[in-house]
Amino acid sequence: MKVYFKADQVDNKTFYGYNIYMNDKLTDSLYGVMSGTKDEVLNKITKNMLIKNNSVLAYDKLLTLKYENLDTTKQMIHTIKYDQTYQSYKDKNISFMISPSVFLSDNIPMHQLSKGIERYKIMYNYQINKHNKTL
């Protein structure tokens, strides 16, 4: 299972998303907005993704986590290494492979993820503007 993560910080909001691929096929996506720094949000959504896919991880013990750049990847490697939440998954013999999405094979999945986040931003801003006009 490969999971691609991306977060864009805009003002005090962070728009985020992840796409899950199994056998190179997109199987699940999640997009949203949260308050907090980019690193905090990526940590939260990584943990949420693990909880949501707990039943899959009972069978698929190799999890590849792909973050958008090298700096984010370094931060998440450090977080996953020292955060107790991730340790419980390691105790279940789940192996984390963490890398930046810089390879040619990552272009299409990252592009799809970026498009999804941009669509979510448009929808979010439309709903906020619509709500503000009714006030």
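Q: Which helix holds Thr73, and why is Thr73 called buried?
A: Thr73 is in helix H3, residues 70-82. This is a predicted model, and in it Thr73 has a relative accessible area of 2%. Buried means under 20%, so Thr73 counts as buried.

Q: What does Thr73 touch, leaving out residues up to four places away in sequence?
A: Thr73 touches Tyr67, Ile98, Ser99 and Pro100.

Q: What makes Lys121 buried or exposed?
A: Its relative accessible area is 13%. The cut-off for buried is under 20%, so Lys121 is buried. Lys121 belongs to helix H5, residues 107-134, and, again skipping residues up to four places away in sequence, it touches Asp8, Val10 and Phe15.

Q: Which residues of H3 and H4 meet?
A: From H3 come Met76, Thr79, Ile80, Lys81 and Tyr82, and from H4 come Gln84, Tyr86 and Lys90. Sorted by type, the residues of this contact are four nonpolar, two polar and two charged.

Q: How do you know that the span of helix H1 agrees with what it should be?
A: Helix H1 covers residues 38-52, which is 15 residues, and at 1.5 Å a residue it should span 21 Å. The expected span uses one less than the number of residues. The end C-alpha atoms of H1 are 21 Å apart, so the two values agree. As for burial, Val41, Leu42, Asn43, Ile45, Thr46, Met49 and Leu50 of H1 are buried.

Q: How do you know that S2 and S3 pair?
A: Pairing takes at least two bridges, and 10 bridges join strand S2 (residues 13-22) to strand S3 (residues 25-35), running antiparallel. Phe15 stands opposite Val33 in S3. The S2 and S3 hairpin has two residues between the strands, and there Asn23 takes a positive phi near 50 degrees.

Q: What joins S1 to S2?
A: Nine bridges join strand S1 (residues 2-10) to S2, and these strands run antiparallel. Tyr4 stands opposite Asn19 in S2.

Q: What makes S3 and S5 the edge strands?
A: The open sheet has five strands in the order S3-S2-S1-S4-S5, with mixed pairing. S3 and strand S5 (95-100) each pair on one side only.

Key: Residues are numbered from 1 along each chain as its sequence is written. This is a predicted model: local features need pLDDT of at least 70, side-chain atom pairs count only at pLDDT 80 or more; totals for chains, interfaces and linings use all residues. Side-chain values use heavy atoms; hydrogens and water are left out. Helices (H or I, at least four residues) and strands (E, at least two) are DSSP runs, numbered from the N terminus. Buried means under 20% relative accessible area, exposed over 50%, partly exposed in between (1.4 Å probe, protein chains only). Contact means heavy atoms within 4.5 Å. Ala, Val, Leu, Ile, Met, Phe, Trp, Tyr, Cys and Pro count as nonpolar, Asp, Glu, Lys and Arg as charged, and the others, Gly among them, as polar.
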